Amino acid sequence: MFSLSQSSFLNNSLSGVSRGLTRSTNRRVTAPPVVVCAVSSNGRPGDRNVSVLENTLQEMRENAPSSSSSVIEKESESTVGGGVEDVYGEDSATEDQYITPWTVTVASGYPLLRDPHYNKGLAFTEKERDAHFLRGLLPPVVISQDIQVKKMMHNILQYQVPLQRYMAMMDLQERNERLFYKLLIDNVEELLPVVYTPTVGEACQKYGSIFRQPQGLFISLKEKGRILEVLKNWPEKKIQVIVVTDGERILGLGDLGCQGMGIPVGKLSLYSALGGIRPSACLPVTIDVGTNNEQLLKDEFYIGLRQRRATGQEYAELLHEFMSAVKQNYGEKVLIQFEDFANHNAFDLLAKYGTTHLVFNDDIQGTASVVLSGLMAALKLVGGTLAEHTFLFLGAGEAGTGIAELIALEMSKQTDVPLEEARKKIWLVDSKGLIVRSRMDSLQHFKKPWAHEHQPVQNLLDAVKAIKPTVLIGSSGAGRTFTKEVVEAMASLNEKPIILALSNPTSQSECTAEEAYKWSKGRAIFASGSPFDPVEYKGKIFSSGQANNAYIFPGFGLGLIISGAIRVHDDMLLAASEALAEQVTEEYLDNGLIYPPFANIRKISAQIAARVAAKAYELGLATRLPQPENLVSYAESCMYSPNYHSYR
C-alpha cells in the first residue's frame with residue numbers, strides 16, 4: 001500500500017525541492033532526497049512509476065557537460081528582469097544549462113483540475129473537494145454536468161465565426177473530456193458541423209496557426225525505421241481504432257500535408273460521441289511525407305516537413321512499416337481507417353492490406369454505404385428497385401467509384417445477376433467527359449469497370465440528355481457543377497429526380513439545396529454532403545437530408561469491435577446500409593428526408609453495429625465468442641458514457 005498525505009508530501013517533498021534549490025551567496029547547496037512518483041486515479045501508484053531518487057541534484061552536477069558550469073554553483077547575483085532576485089535558479093538555468101524535466105503527478109489538488117480525463121470542474125462535490133484537496137482551488141458553488149452543458153452551449157453560440165466555435169470545442173476537449181462528449185452528444189445536430197464538416201476543412205487549412213498541443217501521433221519520414229518506437233510513445237496501450245491520413249486530399253481542399261491532422265481528430269471524436277467507442281481506445285495519426293502545396297511550404301506557421309511529397313518506394317516503405325508496427329503493437333483486431341488519401345494511393349492501400357489487416361476506407365466504403373442507404377430510402381418515394389433505375393455520377397474518384405461499386409453489389413444481390421451486368425446501369429463522368437469503352441487505354445485501373453459502350457460525351461449536361469438518368473450523384477469536389485440547365489434537364493426526364501450533391505465542404509457542393517428545389521420546381525429529392533438550411537418554395541418548406549458518413553462509420557466500427565472482427569467484408573457494408581435505411585420512417589419521408597435526424601444517432605449506431613456484428617459472425621470473421629443473444633442490447637451496453645464518475 002502506498003499513500004501520500006497532503007501535508008507531509010507537499011510540505012516535505014515539493015517545498016523541500018524548492019528550499020534545496022535556494023542559494024545564498026558563495027554557498028553550495030546540498031540536494032535533499034526527492035520522491036518522484038505517479039499516482040493513478042484511485043490513489044495507488046501506477047505501474048513502474050514509483051522511484052526514489054536520492055541526491056538527484058548531486059548526480060546532475062556530476063554528469064553536466066564540462067563546458068557549462070553547474071546551475072546550483074551560480075552565484076546569487078544572477079537576477080531576472082525588473083531586479084527581482086532569481087532565488088530558485090530557474091530562469092538562469094534554462095538559458096544555457098541542461099535540465100531534467102521533473103514531474104510530480106498526484107490524483108489530487110491542482111493537477112487533478114488540469115487532467116482532462118478526470119477533471120469535472122465545478123461539478124466536483126463537497127465530499128470530493130475535501131477528499132482530493134480541492135478546497136480553495138474552485139469557487140464554492142457546485143453545479144451539475146447538465147448545467148455545465150447548458151452553460152458551454154450558451155458560450156459557444158456567442159461565437160459568430162465557425163472556426164471560433166471549433167477552437168472553443170477543442171479547448172473544452174483538452175480541458176474536460178467527459179464534458180466535451182456530453183455536450184456533443186446532447187447537441188449533435190448543432191455541433192456536428194462545428195467539430196466536423198464543413199468547419200473542420202477550414203480548421204485544417206489553418207491548423208498551423210491554431211495548433212496548441214498534440215491530439216494524436218505525427219509520424220514523418222524522420223521516424224522511418226523507428227515507427228514501432230514512436231507508437232509506444234503514445235500513452236494509451238489498448239487501442240481499438242486508428243484513423244490515419246497522409247493529408248494529400250483533405251475533403252475537397254486538396255493537399256494540406258501535416259495539417260490534415262484535423263480530420264483524424266474529428267473522425268475519432270465522432271467515433272466516441274456517436275459510436276460509443278472509448279476515447280482512450282482511439283488514436284489519430286498523420287503520416288507526414290511532405291506536401292506539394294507551395295503556399296504551405298512558404299507558410300512560417302506550417303507544422304509539417306518542408307519538402308515535396310515522397311512517392312514511390314520511399315512512400316510505400318514508410319506506410320508498410322507503419323502497418324506492420326500497428327499490428328505488432330496493438331494486435332490484429334485494431335481497426336485502421338484510411339482517411340483522405342489521394343486516389344492513386346487509397347485504392348492500392350485498401351487492396352494491399354485488406355487481406356492482412358482490419359482496414360476500412362471511409363472515403364471509398366463509408367461514403368458508398370451511406371449513399372446506398374439514402375437511395376434505398378428514396379426508392380420508397382419514387383418506386384421501383386435499384387436495378388430499375390439509371391445512375392449518373394459526376395466524379396470518378398474514390399467516392400464516386402466506391403459508391404458505384406456498392407450500388408452494383410446490392411443490385412447483383414437483389415436480382416441475382418452478375419456484378420458486371422449490374423454495373424451497366426451506372427455511368428460516370430470525369431474531367432474528360434463520359435467514361436466510355438473507347439477511352440479504356442487511358443483510364444486509371446479503378447475507372448475501367450465503368451467504361452461502357454457509348455459515343456464519347458464531353459460534358460455533364462450532354463451526358464444527362466444522352467443517358468437519361470433517374471439519379472444524379474455528385475462526388476467531384478467541384479462546386480456549382482450541377483447548373484440550372486443540368487437540374488432542369490433532370491426534372492424534365494423524371495417526375496421526382498433524385499439529386500445528391502455530396503462534395504464537401506459547403507463551398508464545393510455541386511449545388512445548394514435552394515438551387516435543387518427551385519430549379520426542379522420543388523420536385524427533387526435532394527441530399528448533400530454538407531448541411532443546408534431548410535428551403536421555402538411556393539409556400540412549402542423543404543428539409544434536405546445530409547449524406548454524412550457519420551451515419552455509418554461510428555456504428556460500423558462499433559460492430560467490428562464488439563464482434564472482434566479480423567477483416568472487413570463488402571457484405572458488412574451492405575448490412576450497414578440496410579440498417580440505416582430501415583431507420584427512415586414514413587414521417588421523415590413525407591418531409592422529403594431520406595436520412596433520419598442525427599438526434600437519434602446513438603440508437604442508430606447501435607442498430608448498425610448489431611447488423612455488422614451479425615454479418616461478421618455469419619461470415620466466420622468474428623472472434624468474440626460466443627455470439628451475444630441480443631446484439632443491439634449488447635452494442636448499447638458497450639457504448640462509452642460521458643457522464644461523470646463519482647470519486648472516492
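Guide: Buried means under 20% relative accessible area. Keep that cut-off in mind as we read this predicted model.

Visitor: How many residues of helix H9 are buried?

Guide: Six of the eight residues in H9, which spans 188-195, are buried. The helix is mostly covered.

Visitor: Which residues of H9 are the buried ones?

Guide: Look for Val188, then Leu191 and Leu192. Pro193, Val194 and Val195 complete the list.

Visitor: What do the buried residues of H9 pack against?

Guide: Helices H6 (145-157), H7 (162-175) and H8 (177-186) are among the partners. H10 (199-205), H13 (262-275) and H26 are partners too.

Visitor: Let's turn to H26. How do I read a pair of packed helices?

Guide: Two packed helices are described by the angle between their axes and the distance between the axes. Now take H24 (residues 570-581) and H26 (residues 601-619). Their axes come within 9 Å and cross at roughly 150 degrees. Angles over 145 degrees count as roughly antiparallel, so H24 and H26 are roughly antiparallel to each other.

Visitor: Is the crossing of H24 and H26 left-handed or right-handed?

Guide: H24 passes H26 in a right-handed crossing.

Visitor: Which residues of H24 and H26 meet?

Guide: From H24, they include Asp571, Met572, Ala575 and Leu580. From H26, they include Ile604, Gln607, Arg611 and Leu619. The residues of this contact divide into 10 nonpolar, one polar and four charged.

Visitor: And the whole chain?

Guide: The protein chain has 27 helices and 16 strands. Of its 648 residues, 54% count as buried.

Key:
Residues are numbered from 1 along each chain as its sequence is written. This is a predicted model: local features need pLDDT of at least 70, side-chain atom pairs count only at pLDDT 80 or more; totals for chains, interfaces and linings use all residues. Side-chain values use heavy atoms; hydrogens and water are left out. Axes are lines fitted to C-alpha atoms, for helices over the stretch in contact, and angles run from 0 to 180 degrees between N-to-C directions. Helices (H or I, at least four residues) and strands (E, at least two) are DSSP runs, numbered from the N terminus. Angles under 35 degrees count as roughly parallel, over 145 as roughly antiparallel, 65 to 115 as roughly perpendicular and the rest as oblique. A crossing is left-handed if the near helix is turned anticlockwise from the far one by less than a right angle, and right-handed if clockwise. Contact means heavy atoms within 4.5 Å. Ala, Val, Leu, Ile, Met, Phe, Trp, Tyr, Cys and Pro count as nonpolar, Asp, Glu, Lys and Arg as charged, and the others, Gly among them, as polar. Buried means under 20% relative accessible area, exposed over 50%, partly exposed in between (1.4 Å probe, protein chains only).
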